[in-house]
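Work through the exercises below with the model open. Each task is followed by its solution.

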Amino acid sequence: MASTTYSTSFTPDSALDLLFSPDLISQEVKNAMHPDVHIRPLASTDYRRGHLRVLSVLTASPDPGEAAWVSHFQTLRALSRTYYTLVVVDKRSDQIVGVGTVFLERKFQRGISCVGHIEDIAVDSQQQGKKLGLRIIQALTYISENSGAYKTILNCSDKNIPFYEKCGFAKKENEMARYT
Ligand code: ACO
């Protein structure tokens, strides 16, 4: 079968400065992605690929400017083996269409274990319903479980409960919040 050529230059992982090794992403999930999209770790140049535009689907994500964005990226990367942010890139535009993070909370309990917290899942409104959200959750859960997490948890609105149930999660306990 002939390979597809893309009019804009899709940037391969090897040409990017990544948050963590792409080898940590499940091969099964990579194989399940539509050929027009690619799942990879966040890169230091993703400010220019619409990272904040996609996050704004979820909540207010005002633009801090590229320098502050890159500085924050470096802060997350310096926290070794803690922050794992994934993006899904549309190969035809080299723009981000989906994002998600798992961060690992280290515990003394359960034999010095950890908990994976899934955060900030967002799929571009034009790309929802194409299983991108499901693939992001599968990839994040795989990272969490392979890092030794005894559980992977998240908070969500009632509206999104059916989505997370389809991703294999079940409702447990309550969330408490105090905003400043
Ligand atoms: N209600 C019921 N079912 C749903 C919903 C929903 N709100 N959303 C998705 N599903 C179902 C799909 O129909 C699909 O079911 P199927 O396997 O039977 O076909 C399955 O869940 C997987 O859906 P995806 O296509 O992978 O979902 P999508 O790519 O659209 O991503 C997401 C879902 C992330 C919730 C997306 O709609 C989105 O970005 N919403 C706005 C931002 C948001 O709410 N993010 C989650 C915040 S919670 C957090 O970050 C921890």
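Numbering starts from 1 along each chain as its sequence is written. The model is predicted: local features need pLDDT of at least 70, side-chain atom pairs count only at pLDDT 80 or more, and totals for chains, interfaces and linings use all residues, while side-chain values use heavy atoms, with hydrogens and water left out.

**Exercise 1.** Describe the shell around the ligand and its polar contacts.

*Solution.* 
1. Count the shell. It holds 23 residues, the closest being I121, V123, K131, L134 and K166. A residue belongs if one of its heavy atoms lies within 4 Å.
2. Sort by class. There are 12 nonpolar, 5 polar and 6 charged residues; Gly counts as polar.
3. Assign elements. β4 (114-123), α5 (132-146) and α6 each supply at least two residues. β4 gives the most, with 6. Helices (H or I, at least four residues) and strands (E, at least two) are DSSP runs, numbered from the N terminus.

**Exercise 2.** Is R178 buried or exposed? Where is R178 found?

*Solution.* 
1. Locate R178. The residue sits in the segment after α6 (161-166).
2. Classify R178. Its relative accessibility is 82%, so R178 is exposed (over 50%; buried is under 20%, partly exposed in between; 1.4 Å probe, protein chains only).
3. Relate R178 to V70. They are 108 residues apart along the chain, and their C-alpha atoms are separated by 29 Å.
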